[in-house]
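Subject: Handover of a model, with notes on what was found

Dear colleague,

I am passing on the structure below, together with an account of what was found in it. Please read the notes with the coordinates open beside you.

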Amino acid sequence: MRVSVIIPTFRRPDAFTRAVRSVLAQEGVVAFEIVAVDNSPEGSAVTAFKSLETRADVPFRWTHEPRPGVSHARNAALRIARGG
């Protein structure tokens with residue numbers, strides 16, 4: 001079974017990058033994907049997402065959800081997640 005690690009972010013691309021590094025540093029987890037959601041109207045993390053997309057060694061999905069609120073971000077993540 002694949003696990004989806006969902007990371008919503010709002011105007012904190014550097015904190016997002018640190019969170020991803022932490023997830024990737026985990027040991028003993030073999031089947032996971034990272035699902036990221038930029039929840040800022042201007043898409044402040046999209047550049048970081050595109051950069052990670054080309055370098056990720058695990059499945060990486062992302063989306064931009066401009067409607068404010070963590071519930072919108074989480075729902076957007078669930079729509080694209082493939083984990084069980």
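Helices (H or I, at least four residues) and strands (E, at least two) are DSSP runs, numbered from the N terminus. The model is predicted, and local features need pLDDT of at least 70, side-chain atom pairs count only at pLDDT 80 or more, while totals for chains, interfaces and linings use all residues. Residues are numbered from 1 along each chain as its sequence is written, and side-chain values use heavy atoms, with hydrogens and water left out.

Let me begin with Glu65, whose place is in the loop between strand S3 (60–64) and helix H3 (70–80). With a relative accessibility of 7%, Glu65 counts as buried, where buried means under 20% relative accessible area, exposed means over 50% and partly exposed lies in between, for a 1.4 Å probe and protein chains only. The side chain of Glu65 makes a polar contact with the side chain of Arg67 at 2.9 Å; a polar contact is a pair of N or O atoms within 3.5 Å, of which, within protein, one must be able to donate a hydrogen and the other to accept it, and residues adjacent in sequence count only if both atoms are side-chain atoms. If residues up to four places away in sequence are not counted, Glu65 touches Val37, Asp38, Asn39, Ser40, His72, Ala73, Ala76 and Arg79, contact meaning heavy atoms within 4.5 Å.

His72 belongs to helix H3 and, at 26% relative accessibility, counts as partly exposed. Leaving aside neighbours within four places in sequence, His72 is in contact with Glu65 and Arg67. The C-alpha atoms of His72 and Asn39 are 8.0 Å apart in space, although 33 residues separate the two in sequence.

Val37, which is in strand S2 (residues 32–38), is buried, with a relative accessible area of 0%. Its contacts, again without residues up to four places away in sequence, are Ile7, Pro8, Thr9, Phe49, Thr63, Glu65, Ala73, Ala76 and Ala77. Between the C-alpha atoms of Val37 and Arg61, which are 24 residues apart along the chain, the separation is 8.7 Å.

Thr9, in strand S1 (residues 3–9), is also among the residues that Val37 touches, and Thr9 is buried, with a relative accessible area of 7%. A polar atom of the side chain of Thr9 lies 3.4 Å from the backbone oxygen of Arg12. Not counting residues up to four places away in sequence, Thr9 touches Phe16, Val37, Asp38, Asn39, Ser40, Ala45 and Phe49. In the loop between S1 and H1 there is Arg11, which is partly exposed, with a relative accessible area of 47%, and whose phi is near 55°, a positive value in a residue other than glycine.

I turn next to the packing of two helices. Helix H1 (residues 13–24) and helix H2 (residues 46–55) pack at an angle of about 30°, with their axes 9 Å apart; the axes are lines fitted to C-alpha atoms, for helices over the stretch in contact, and angles run from 0 to 180 degrees between N-to-C directions. H1 and H2 are therefore roughly parallel to each other, given that angles under 35 degrees count as roughly parallel, over 145 as roughly antiparallel, 65 to 115 as roughly perpendicular and the rest as oblique. The residues that meet are Pro13, Phe16, Thr17 and Val20 in H1 and Ala48, Phe49 and Leu52 in H2. By class, this contact of H1 with H2 has 6 nonpolar, 1 polar and no charged residues, where Ala, Val, Leu, Ile, Met, Phe, Trp, Tyr, Cys and Pro count as nonpolar, Asp, Glu, Lys and Arg as charged, and the others, Gly among them, as polar.

Two exposed residues complete these notes. Thr54, in helix H2, is exposed, with a relative accessible area of 68%, and the side chain of Thr54 reaches the backbone oxygen of Ser51 at 2.9 Å. Ala25, in the loop between H1 and S2, is exposed, with a relative accessible area of 54%.

With kind regards
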